[in-house]
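These are my notebook entries on one structure. I record what I looked up, entry by entry.

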Amino acid sequence: MTETLDRLAAEWGQYSSQLAANRRVLVVEDDPTAGHVFAKVLEHGGFVCTVVKNGEEALASHQGGDFACLIVDKNLPGMSGMELVRTWQTSHRESEAVLITGYANLDAVLQAIDLRAADFLLKPLDSIDVLTAAVDKGIRRRNRRLLARRMLGDLSRAVEGHANDRTLELLTAAHARVEDFRGALVNKRRVLVSHRESVELATAMKHLFGAGYQLIVVKTAAEALHRISKRGVNVFVVSDTYEGLGGLALVERALDSEGRPELVFLTAHATVREALVAVERGASSFLVKPLKDDRVLVKAVEEACRAHHERLVHFKLVTELTALVRLLESKPERRQTRETLRETLESFDVRTAPDLVKPFDGTPGEWDDTD
């Protein structure tokens, strides 16, 4: 009889392969020459492209198959590129989006951030590699997200099904640890903010504190970098109010791994360049001061924290399944299951996952700030 772990490993491996095999890209570009060039560049990078001229054709083309990523010109005739991406997302389609334009204004880039676009590129492109890198980044993000959600759902259903086999006990214990971790995250919400911002936005900070967020207030960039290096921060409010480094330089120094916190950019001197960096770095929000309502910052931090918690739960799952892989090394009869699981987990940052989870996996006392 096939045991639960063997079955799940095989199903996850198959699903991971299906995700990896989907290299379908929809290019929405009203300039035939540009559309042709983009398609050729992407096809050279191993993607399969469909080119359409406007948003209406794009929405109709979805009937022809599932697209992993969209390349959308911001300035389309009729339905704009922004409207297209927004409509696409409300249909619960999991495609990533890369927006592209010959001219970017600040409002457009801010909309791209709100839409969680994988990137926002300017024509002419600096190099052909820029386009393929942006699409590849978006698809990898999509695949990790979908695979983790699938594994979490399958694991929950397997445990609830009360199957009677030797592997279920291991899976039940792993599932319990993941769910305990998820529950504990409710009380683990760290927000890193500069001293000046905490004073200027006292009302928003007071609301977050009252809602159970732990505010880590520092003055210097060096202090901020130290906190982030400990990998215990959920949300980093990026601004130019840290002494020592400007906002962009601070981001470049701080965010060098998937263990980074979610980003909320906050600035009084917004530029297109800053906003483009925010998109490229996957920022949750980009807010321009003065804020009309402090609740805007509160909402941005809350949404960013939820996104970070989801990512942490995925890392916790990866950590638990990696431990199962090591356990199976002593069981020759489970070789196929072990190798399938290992290959599936390669989609994630297996090596650093335990380090990313650890700062959030202790008791409340261990998580308190003591230094």
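**Entry 1: strand β6 and its partners**

I began with β6, which pairs with β8 in the parallel sense over two bridges. I took strands (E, at least two residues) and helices (H or I, at least four residues) as DSSP runs, numbered from the N terminus. Two strands pair if DSSP finds at least two bridges between them. The model is a predicted one, in which local features need pLDDT of at least 70, side-chain atom pairs count only at pLDDT 80 or more, and totals for chains, interfaces and linings use all residues. Residues are numbered from 1 along each chain as its sequence is written, and side-chain values use heavy atoms, with hydrogens and water left out.

I then asked how many residues of β6 are buried. Five of its five residues are, and the strand is mostly covered; buried means under 20% relative accessible area, exposed over 50% and partly exposed in between, with a 1.4 Å probe and protein chains only. In a regular strand the side chains alternate between the two faces of the sheet. For β6 I noted Arg190, Leu192 and Ser194 on one side and Val191 and Val193 on the other, all buried, which leaves both faces covered.

**Entry 2: the sheet that holds β6**

I traced an open sheet of five strands in the order β7-β6-β8-β9-β10, with parallel pairing. Its edge strands are β7 (214-218) and β10 (285-288), each of which pairs on one side only. Neighbouring strands are turned by 20° against each other on average, direction ignored. Axes are lines fitted to C-alpha atoms, for helices over the stretch in contact, and angles run from 0 to 180 degrees between N-to-C directions.

Strand β8 (residues 235-238) runs parallel to strand β9 (residues 262-267), and four bridges join them. I located Glu262 in β9 as the bridge partner of Val235. Helix α10 (residues 221-229) packs on this sheet and touches β6 (190-194), β7 and β8; contact means heavy atoms within 4.5 Å. The direction of α10 makes about 140° with that of β7.

**Entry 3: the sheet that holds β1**

I looked up another open sheet of five strands, with the order β2-β1-β3-β4-β5 and parallel pairing. At its edges lie β2 (48-52) and β5 (119-122), each pairing on one side only. The twist averages 20° from one strand to the next.

Strand β1 (residues 24-28) is joined to β2 by five bridges, and the two run parallel. Val25 stands opposite Cys49 in β2. I recorded helix α2 (residues 32-44) as packing on the sheet, where it touches β1, β2, β3 (69-73) and β4 (96-101), its direction making about 170° with that of β2. Helix α6 also packs on the sheet, touching β1, β3, β4 and β5, and its direction makes about 155° with that of β4.

**Entry 4: the helix neighbours of α6**

How do the axes of α1 (residues 4-21) and α6 (residues 128-160) cross? They come within 10 Å and cross at roughly 160°. That makes α1 roughly antiparallel to α6; angles under 35 degrees count as roughly parallel, over 145 as roughly antiparallel, 65 to 115 as roughly perpendicular and the rest as oblique. Among the contact residues I noted Trp12 and Tyr15 of α1, and Arg150 and Asp154 of α6. By class, this contact has ten nonpolar, three polar and five charged residues. Ala, Val, Leu, Ile, Met, Phe, Trp, Tyr, Cys and Pro count as nonpolar, Asp, Glu, Lys and Arg as charged, and the others, Gly among them, as polar.

The axes of α6 and helix α7 (residues 168-184) come within 10 Å and cross at roughly 120°. The two helices are therefore oblique to each other. The contact is made by Leu152, Leu155, Ser156, Ala158 and Val159 of α6 and by Leu168, Leu171, Thr172, His175, Val178 and Arg182 of α7. I classed these as seven nonpolar, three polar and one charged.

**Entry 5: Val279**

Lastly I looked up Val279, which is placed in helix α12 (residues 272-280). Val279 counts as buried because its relative accessibility is 3%. Its C-alpha atom is separated by 9.5 Å from that of Asp114, 165 residues apart along the chain. Leaving aside neighbours within four places in sequence, I found Val279 in contact with Val109, Ile113, Ala117, Ala118, Asp119 and Phe120.
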